Amino acid sequence: MLRALTRALRLPRPWRPLQTRSCASDGAAGDPEIQVRVLAGPDQGITEILMNRPSARNALGNVLVSELLEALARLREDQQVRVLLFRSGVKGVFCAGADLKEREQMSEAEVGIFVQRLRGLMNEIAAFPAPTIAAMDGFALGGGLELALACDLRVAGVALAKELIFTGRRLSGAQAQALGLVNHTVPQNEEGNAAYHRARALAQEILPQAPIAVRLGKVAIDRGMDVDIASGMAIEGICYAQNIPTQDRLEGMAAFREKRPPRFVGK
């Protein structure tokens, strides 16, 4: 059993760098509904997924879900992605949830298939190997809230209101933080992107850390939180064992010894 657990917790093989910065589904007409942006300069290592479907307030329709799944499949293979940030290009809204108008045109069978794909999208976000942050500069309703909750960290504007999935109750960003739904709240600015700027600053705090250790730490937490303490400790030990032979671990020790900033390479 321990051997099988070790295989399950092993990080993927080295990734290929992502070249494309925008994404569209096969056969999708018009402009893409998401954009993938690879940041540079002091933000190098941060990749953004910008949801941009203003006509439907970023509602999760077939095209948007397909583009998100396609982007995630490609980004998870890119070692240069140190932090993945989800944001909206539509002012005042993060994601309005499922596209109910589109769903009205589906048969029962098609609805079932779409719901499975939507659930798969949330699983892909939750299982993404690098830390994920949702910059919630607006409403996150229904499936939009689920998308944000699938991320590791969430930043919301104080003026943000979210409709809770079960009760339909709306909360301000501050109330959401008090309930533990978001990690940070910030006063909204005139541009409506204060949460995005705070989320990017949070991502910048993650960038200096050893990338392999960060990914393994995420695996240890995600896999260890729902098991007993002995199994959790075994998972942590397996993850740490994968970190021992890495160049980054040796670089971290050398940097500490020489009292200089480490230069991690992700190997």
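Which ring does the charged end of arginine 87 sit over? Hi everyone, let's start there. That charged end lies over the ring of tyrosine 196, 3.6 Å from its centre. A charge counts as sitting over a ring when NZ of Lys or CZ of Arg is within 6 Å of the ring centre and within 35 degrees of the ring normal.

A quick word on what you are looking at. This is a predicted model, where local features need pLDDT of at least 70 and side-chain atom pairs count only at pLDDT 80 or more, while totals for chains, interfaces and linings use all residues. Residues are numbered from 1 along each chain as its sequence is written, and side-chain values use heavy atoms, with hydrogens and water left out.

Now please find strand β8, residues 153-157. Helices (H or I, at least four residues) and strands (E, at least two) are DSSP runs, numbered from the N terminus. In β8, 4 of the 5 residues are buried, so the strand is largely enclosed by the rest of the structure. Buried here means under 20% relative accessible area, exposed means over 50%, and partly exposed is in between, using a 1.4 Å probe and protein chains only.

What does β8 pair with? Strand β6, residues 132-136, runs parallel to β8 and is joined to it by 4 bridges; alanine 134 has arginine 154 as its bridge partner. β8 also pairs in the parallel sense with strand β11, residues 184-186, over 3 bridges. Two strands pair if DSSP finds at least two bridges between them.

Let's zoom in on glycine 157, which belongs to β8. Glycine 157 stands opposite valine 186 in β11, and is buried, with a relative accessible area of 2%. Leaving aside neighbours within four places in sequence, glycine 157 is in contact (heavy atoms within 4.5 Å) with Met136, Gly173, Val186, Gln188 and Ala195. The C-alpha atoms of glycine 157 and aspartate 137 are 5.7 Å apart, though 20 residues separate the two along the chain.

Last stop: helix α10, residues 247-258. Asp248, Glu251, Ala254 and Ala255 are buried in α10. They cover an arc of only 120° around the axis, which puts them on the same side of α10; the arc is that of the directions from the helix axis to the C-beta atoms. Those buried residues pack against α8, 211-224. Phe256 and Arg257, on the other side of α10, are exposed. After α10 comes lysine 259, with a positive phi near 55°.

Methods
Expected span 1.5 Å × (residues − 1).
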